[in-house]
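This report examines selected packing features of one protein model. The sequence and structure are shown first.

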Amino acid sequence: MQLADVKQVYFIGVGGIGMSAVARYFNGRGLPVSGYDKTETPLTRALEAEGIAIHYGKANVNLVPEPADDLLVVWTPAIPRDFAELVKVQTGDYTVMKRSAVLGLISRGMQCVGIAGTHGKTTTTTLTTKLMTVAGLSPHAFLGGIPRDFDGNYVAGDSDWVVVEADEYDRSFLQLLPTIAVILSCDPDHLDIYGDHDNMLETGFRAYARQVVEGGQLIVRYDVAKYFSGIDHVLLTTFGIGTGDFSAQNIRVEDGAFHFDLKEPDGHLVTNIRTALPGRHNIENAVAACAVTRLAGGGEDAIRKGLDTFRGIARRFEVALKTDKIVIIDDYAHHPTELEAAISAARELYPDKTIRGVFQPHLFSRTQDFAAGFARALDLLDEAILIPIYPAREEPIPGVTSKMIYDGMASPNRRLLSNEMMLDATAELSDGVLLLLGAGDIDALIPKIVAQHQNTLTHG
């Protein structure tokens, strides 16, 4: 099926962050869009308000449109393979595509910026979109988070540039043919898909780098550039802190924000760039976004203004409450490296405060693969609370629980609690920084935690 042939679209799992962006794209083109999701959420309610019909709960095959030559059915791997609606379309006379394949279909014929990496994709994709927009490049964008600078996770541009989050899970990013590809990191992850790190590098990230169009740009973090030698049909550019073709120099903290100078490949310095993004890992993300924007033709004033005014993304080191005594921060971190980055950012921004954290592990397989790494990262906290694993798409693995991480920690200041007990424990805190960490449904608990402290402030 060609993109021009699509006249109606049905989504199985429409409420996911990636699926909803694609749904918004088709809805914005004026096509009839409908779909299913398990539960109603603020995001699905927003989709309904935009005119997308959604049903919830159990499968209802009667609500799936009848087969038609112009109907496209889009599904996500988060849906169980035996889900009745999915079975119906996969065994019937339907055109059925994964979200990643549809994203590839949409981006063909456009100048695609694909941003990949085991960490930092959403922040860098959103920031790149902001910088390119300020630079007048007017990209379309499919974002993996809820940005504060745009109306939603799909941005409708006016040019042939499109910025997408290139996801390594299930090798989804191999559907893309980028003009500019960014690789932020390639740490071991999704080993349930790849088996081991070497296979992840070869059949995942190196294969993705080979997808870049002839003469296109491959932008990689300086310390992983060694993995991409021998890919000769692209122009290889590196980035980093203190080193790389594009690099952040003279980093300092002033008035609660980071400032740095951007050194470009020809030695030119873009001086005194300010960003309120927390942590040095986000300076690397910012350098990558600057590199894309400059290589795409954006001016240096645009990157200064774009970074200075960037308002961030929901659940990426998002300050949920800040008082003179306590700061509560929500962060999507779900890999050991991401935990370390979030904790380090909190220490740098709040050096005189006690740093506590609540961590909800995401996936049984990831917990099994990285229990030791999670333990080491959580030991960086002054106090840690572990709550039960969020299973997402997985069935339980015998013996794999949050206790695996708890038992591997060295810190004596750690607790293993239920969600309810965690709410009671965090309500007792009166000072310091509280990090709420994880990619599951811990965000649903955050309003309760914040409300407890707001109630204390109001009533004493």
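Predicted model: local features only at pLDDT ≥ 70, side-chain atom pairs only at ≥ 80, totals over all residues.

In soluble globular proteins, nonpolar side chains tend to be buried together. The largest nonpolar core here has 50 residues, and Phe11, Phe26, Phe142 and Phe228 touch the most other members. Helix α1 (residues 17-28) supplies the largest share of this core, with 6 residues. Neighbours within four places in sequence aside, Phe26 is in contact with Leu3, Val6, Val9, Phe11, Leu31, Val33, Leu72, Val102 and Ile106. A second, separate core includes Ile115, Leu143, Ile219 and Leu307.

| Core | Size | Members, among them |
|---|---|---|
| Largest nonpolar core | 50 residues | Phe11, Phe26, Phe142, Phe228 |
| Second, separate core | 39 residues | Ile115, Leu143, Ile219, Leu307 |

**Helix pair.** The axes of α10 (residues 336-349) and α11 (residues 364-378) come within 8 Å and cross at roughly 5°. Because angles under 35 degrees count as roughly parallel, α10 is roughly parallel to α11. From α10, Pro336, Leu339, Glu340 and Ile343 meet Phe370, Gly373, Phe374, Ala377 and Leu378 of α11. The contact residues comprise 7 nonpolar, 1 polar and 1 charged.

**A buried arginine.** Arg356 lies in strand β18 (residues 355-359). Its relative accessibility is 12%, so Arg356 counts as buried, the cut-off being under 20%. The side chains of Arg356 and Glu383 are joined by a polar contact of 3.3 Å. Beyond neighbours within four places in sequence, Arg356 is in contact with Leu381, Glu383, Leu429, Asp431, Gly432, Val433, Leu434 and Leu435.

Terms used: Residues numbered from 1 in each chain as written. Heavy atoms only, no water. Axes fitted to C-alpha atoms, helices over the stretch in contact; angles between N-to-C directions. Helix = DSSP H or I, 4+ residues; strand = E, 2+ residues; numbered from the N terminus. Parallel < 35°, antiparallel > 145°, perpendicular 65-115°, else oblique. Contact = heavy atoms within 4.5 Å. Nonpolar A, V, L, I, M, F, W, Y, C, P; charged D, E, K, R; others polar. Core = buried A, V, L, I, M, F, W, Y, C linked by side-chain atoms within 4.5 Å. Buried < 20%, exposed > 50% of the residue type's maximum accessible area, 1.4 Å probe, protein only. Polar contact = N/O pair within 3.5 Å; in protein donor to acceptor, adjacent residues only side chain to side chain.
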